[in-house]
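Q: I would like to go through this structure step by step. Could you look at it with me?
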Amino acid sequence: MEAVWSWWSIPSTQRRVLVAHLPQPPTRAEQRAMSDSLTCRLFADAGQVVASDDIGRTIYGKPQLRDSPLHHSVSNTRSLSLGVVGPDPIGIDVEALDRPLRVASELLKRRMFASAADATACLQHWTLIQAWTAKEAVLKAAGLGLGGGLPNVTIAPDGAAAWLHGSRYSLSLWTQEGFSVAVAEGIRG
């Protein structure tokens, strides 16, 4: 399956994410191959030649390169795959804004937030899908994935930062072409 490749700018930064649009939603095997291809292209753009054989997976399934000074993250939804690379731990998530919820929103809120007050505060600024996208990007940047616990992530009201277990992450959260996109990057110090 042939992808159409493009770059999306990350708002208010000089950075960008690599985007692969497929003509239809891929199979699991096609999605894995697309993620590997996207990873190779990301690193090539950053000046590091990477072959698909160089890509391993963490116990959480996150693609990784051993012995690389760069970090990267990939996210897939429907027929869209996005990736980002950077010098610090980084995570990306993308979700369709019209994605149907498979559980009641009240149950999802209880699973996503540490308290009702946290949910109310966050959802005054962001939709449920945007909050999910931001929280998952932070968990990916931490190397934990969803196993790190969505309620453990707190998003700043302006969406420019988030916290997980006392660590701060820069956060870019925006919508583009019907998708919610979030990029989180660990802040040193």
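Q: Which residue lies over the face of Trp7, and at what distance from the ring centre?

A: Arg16 lies over the face of Trp7, at 3.7 Å from the ring centre. A charge sits over a ring if NZ of Lys or CZ of Arg is within 6 Å of the ring centre and within 35 degrees of the ring normal. Please note that this is a predicted model, in which local features need pLDDT of at least 70 and side-chain atom pairs count only at pLDDT 80 or more, while totals for chains, interfaces and linings use all residues. Residues are numbered from 1 along each chain as its sequence is written, and side-chain values use heavy atoms, with hydrogens and water left out.

Q: And what lies over the face of Trp5?

A: That is Arg41, at 3.9 Å from the ring centre.

Q: How many aromatic pairs are there?

A: The structure holds 0 aromatic pairs. Such a pair needs ring centres of Phe, Tyr or Trp (its six-membered ring) within 6.5 Å; planes under 30 degrees apart count as stacked, over 60 as edge-to-face and the rest as tilted.

Q: Back to Arg16: what is its bridge partner?

A: Arg16, in S2, is the bridge partner of Ser9. Strands S1 and S2 (residues 16-21) run antiparallel and are joined by 6 bridges. Two strands pair if DSSP finds at least two bridges between them; strands (E, at least two residues) are DSSP runs, numbered from the N terminus. Val4 stands opposite His21 in S2.

Q: How many residues lie between S1 and S2?

A: The two strands form a hairpin with 6 residues between them, and Ser12 in the turn has a positive phi of about 65 degrees.

Q: In what order do the strands of the open sheet come?

A: The order is S1-S2-S6-S5, with antiparallel pairing. S1 (4-9) and S5 (71-77) each have a single partner strand, so one side of each is left without a neighbour in the sheet.

Q: New topic: how many residues of S7 are buried?

A: In S7 (residues 90-96), 7 of its 7 residues are buried, meaning under 20% relative accessible area (1.4 Å probe, protein chains only). Ile90, Ile92, Val94 and Ala96 cover one side, with Gly91, Asp93 and Glu95 on the other. In a regular strand the side chains alternate between the two faces of the sheet.

Q: With which strand does S7 pair?

A: S7 pairs with S11 (residues 179-186) in the antiparallel sense over 7 bridges. Within S11, Ala184 is the bridge partner of Gly91.

Q: Lastly, how many disulfides are there?

A: There are 0 disulfides, a disulfide being a pair of cysteine sulfur atoms within 2.5 Å. Cys40 counts as buried at 15% relative accessibility, and Cys122 is buried with a relative accessible area of 8%.

How values were computed
Helices (H or I, at least four residues) and strands (E, at least two) are DSSP runs, numbered from the N terminus. Buried means under 20% relative accessible area, exposed over 50%, partly exposed in between (1.4 Å probe, protein chains only).
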